[in-house]
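Hi,

Here is the structure I promised to pass on. Please have a look at it first, and then read my notes below.

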Amino acid sequence: MTPSAMTSGTRSRADAAALREIQAPVRERLDLVAGELWRIVASDLPLVLEINAHLAGMKGKMFRPTLVLLASATAGCAQERAVPVAAALETLHLASLVHDDAVDHSVLRRGMPTVNALFSHQHAVLMGDFLYARALTELVRLNDWDVARIFADASTQITLGEMRQLGALDALAFGESDYDQLIRAKTASLFRAATELGALCGAAAYRAPLARYGERLGMAFQVVDDLLDYTEDAEVTGKPSGLDLREHKVTLPLIAALPEFDAAARRRVEALFAAPDPEDAQVAEVVDLVARHGGLDYARRRGEVLAREAEEALAPLPESPARAALTDAVGYVLDRRA
């Protein structure tokens, strides 16, 4: 094993251990969420069964359901419905990932082939639609209008965020305010939904601070994710290195560095964005330019500010193991490596 592989493995194990500690206060209920998730998406159609089996192998860290369950327990009276609500939210998240990979024509997620790579683009679009429909069916079963409104708003924001990104005519004119609006819609809306839904399932008096916590945590999560695209390799993140640049996506590190570029550096970035399939050397060169002009440092500082705002939002909540775990989740988001 190479030294870099050992480092990557150590980081992955450290991340997993930190997440297990965060999940400890809700471990038993979180284990139930996985069963509820596969109940929600069950189908006797062979093709759906096959794709579901693939998605099960790609199952993520259940971070958003963890936030639902922790938020529901912050007042000491978590309700049973928190489990199916968390499962429905994870179904929505899964649908958004399948659609996102289809839109971006991504071939890897979490180190495994995406649905559109393993099956087809059409399969991915239709499977994402199926997952959305199954999440909606579960909401109907739960028969709670407040819960449904939060789901509907998150779904709308995710879709509008994707449309806004696709509609950007000049990628390099994309500024930090545009970026904030994008990540608030595409990522933070689902984090906010998780903690606000949790509040409705046992901590309604703290709905507003928990919603703000989720939003700021989600924004910090995305900033860190975008930073990792510049700093970590595919072995760590489970996706090709420099994927955002390869897909001509402008994220915070590049936004922060661009004003510092001279004309020659700017031309190199423009050449990368003009290339239908950028070469590895082009990507590596732009990553180096961004690092040397302070883009990575700026993104780290911005992530830290957002994380601090998330932690401050928890101030009104009473002390409890669930609140302590939510505080630890802030550190996990900042320090994670994948």
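Let me start with aspartate 100: leaving aside its neighbours within four places in sequence, this residue is in contact (heavy atoms within 4.5 Å) with Arg109, Glu162 and Lys186. Before I go on, a word on the source: this is a predicted model, in which local features need pLDDT of at least 70 and side-chain atom pairs count only at pLDDT 80 or more, while totals for chains, interfaces and linings use all residues. Residues are numbered from 1 along each chain as its sequence is written, and side-chain values use heavy atoms, with hydrogens and water left out.

Aspartate 100 is found in helix α5, residues 82-104. Helices (H or I, at least four residues) and strands (E, at least two) are DSSP runs, numbered from the N terminus. With 18% relative accessibility, aspartate 100 counts as buried; buried means under 20% relative accessible area, exposed over 50%, and partly exposed in between (1.4 Å probe, protein chains only).

Asp100 also belongs to the contact of α5 with α9. Two packed helices are described by the angle between their axes and the distance between the axes. Here the axes come within 10 Å and cross at roughly 170 degrees. Axes are lines fitted to C-alpha atoms, for helices over the stretch in contact, and angles run from 0 to 180 degrees between N-to-C directions. The helices α5 and α9 are therefore roughly antiparallel to each other (angles under 35 degrees count as roughly parallel, over 145 as roughly antiparallel, 65 to 115 as roughly perpendicular and the rest as oblique). On the α5 side the contact is made by Val85, Leu89, Leu92, His93 and Asp100, and on the α9 side by Lys186, Leu190, Ala193, Ala194 and Leu197. Those residues divide into seven nonpolar, one polar and two charged (Ala, Val, Leu, Ile, Met, Phe, Trp, Tyr, Cys and Pro count as nonpolar, Asp, Glu, Lys and Arg as charged, and the others, Gly among them, as polar).

Apart from neighbours within four places in sequence, threonine 195 is in contact with Leu67, Ala71, Leu210, Ala211, Tyr213 and Gly214.

Which elements cover the buried residues of α16? They include α9 (176-200), α10 (207-231), α13 (252-257), α15 (280-292) and α17 (321-335). Helix α16 itself (residues 295-313) has 19 residues and reaches 27 Å from its first C-alpha to its last, close to the 27 Å expected at 1.5 Å a residue; the expected span is 1.5 Å times one less than the number of residues. Its buried residues are Gly295, Leu296, Ala299, Arg302, Gly303, Leu306, Ala307, Ala310 and Ala313. They cover an arc of only 140 degrees around the axis, which puts them on the same side of α16 (the arc is that of the directions from the helix axis to the C-beta atoms).

Finally, two loop residues. Methionine 62 has a positive phi of about 60 degrees although it is not a glycine, and histidine 105 has one of about 55 degrees, again without being a glycine. Methionine 62 sits in the loop between α3 and α4 (63-72), histidine 105 in the loop between α5 and β1 (108-109). Methionine 62 counts as buried at 6% relative accessibility, whereas histidine 105 is exposed, with a relative accessible area of 56%.

Best wishes
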